[in-house]
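Subject: Structure handover

Hello,

Here is the structure for you to look at. My notes on it follow below.

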Amino acid sequence: MIEYLEEIDSTNTYLLQKSRTEHLPHLYTVCAKAQTAGRGQRGNGWESEPGKNLSFSTIFDTHEMDPSRLWKLSMLTALAVAETLRVYHLPAEIKWPNDIYVGDRKICGILIENVLQGSAIQCSIAGIGLNVNQEVFVSNAPNPVSMKQLTGCDYDLDEVLEHIVSEMERLWTIGDDELRADYMHYLYRREGSWLWRQVEVCSAPMMIEQQPAADAFRASIEDITPLGQLVLRLESGEQRVYHFKEVKYII
Ligand code: BTN
């Protein structure tokens, strides 16, 4: 079921609040024409010209899922978008953990948040921002791109949305091995040796600051663990395993 809104601060915030007061069915989706305070990863904002792009959030019934399996949601949502974009003949890839890229440019960002009841997970919310018909980006987002910028065509937002939601529905039912294999198939820079930079996360009482550590290094992607960690093999032969946000691709 899809709920359409003209304007909201953030579809993720809206669904988080709604899920605390009422029971929402699995895959309940809310899509807004405009967000006044769209949220991105790492506390960043999310730019989207009103009426031009898809800004939506979908709820997942994860309350019986072991927290160690939540990585499934990242794979599933990223795959649903990447596979939909391929239907529109766009060669989308997934940049670990769950950005969607076409070439070296970001076309979609995903923000997953879990709703807790005490220490248990009640449900999870996947917020998806897909750049569809926007022609100019004004924020300092590093390398945004839209479907229209890539092809010159205008797209029907409802049609793209329905495609992604039904893809999420299908992917929820497939086995973990198949999901993982599909994810690996779509992985950005899956082959070859690339430059990376380790990120140091330092927490202060009121802020979390991330700064790139000094040295870039060259490595290839060896694997993704069942928890979603990235396994890199350096040219020296050393293996390194990173959690989310501990390492960045240099693009
Ligand atoms: C990122 O920084 O890459 C994640 C961006 C996620 C943006 C989407 S738009 C719909 C949903 N509502 C939000 O406030 N954020 C997500």
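**The ligand and its shell**

Helices (H or I, at least four residues) and strands (E, at least two) are DSSP runs, numbered from the N terminus.

Before going on, some ground rules. This is a predicted model, where local features need pLDDT of at least 70, side-chain atom pairs count only at pLDDT 80 or more, and totals for chains, interfaces and linings use all residues. Residues are numbered from 1 along each chain as its sequence is written, and side-chain values use heavy atoms, with hydrogens and water left out.

Lys106 has a side-chain N or O atom 2.6 Å from an oxygen atom of the ligand. The protein covers 97% of the 420 Å² of accessible area that the ligand has on its own. Accessible areas come from the Shrake-Rupley method with a 1.4 Å probe; for residues, only the protein chains shown count as cover.

A polar contact is a pair of N or O atoms within 3.5 Å. Within protein, one must be able to donate a hydrogen and the other to accept it, and residues adjacent in sequence count only if both atoms are side-chain atoms.

**Helix H4**

Next, helix H4, residues 157-173. Its 17 residues, at 1.5 Å a residue, should span 24 Å. The expected span is 1.5 Å times one less than the number of residues. The end C-alpha atoms of H4 are 25 Å apart, which agrees.

Which residues of H4 are buried? They are Leu157, Val160, Leu161, Ile164, Val165, Glu167, Met168 and Leu171. They cover an arc of only 160° around the axis, which puts them on the same side of H4. The arc is that of the directions from the helix axis to the C-beta atoms. An α-helix has 3.6 residues a turn, so residues three or four places apart point the same way. Buried means under 20% relative accessible area, exposed over 50%, partly exposed in between (1.4 Å probe, protein chains only).

At the start of H4, a side-chain oxygen of Asp156 comes within 3.0 Å of the backbone nitrogen of Asp158. Thr173 is also in H4. The side chain of Thr173 reaches the backbone oxygen of Arg170 at 2.6 Å.

**Backbone points to check**

Where is the cis peptide bond? It joins Trp96 and Pro97, with omega about 0°. Pro97 sits in the loop between strand S4 (92-95) and strand S5 (99-102).

Leu27 is not a glycine, yet has a positive phi of about 75°. Leu27 is in the loop between H1 and strand S2 (29-35), and is buried at 8% relative accessibility.

Arg189 is not a glycine either, and has a positive phi of about 55°. Arg189 lies in the loop between helix H5 (176-185) and strand S8 (193-204). Its relative accessible area is 11%, so Arg189 is buried.

**Two more residues**

Glu83 lies in helix H2 (residues 71-87). Buried or exposed? Glu83 is buried, with a relative accessible area of 12%.

Glu222 is found in strand S9 (residues 207-224). Glu222 is partly exposed, at 31%. From Glu222 to His243 is 21 residues in sequence and 14 Å in space, C-alpha to C-alpha.

Best wishes
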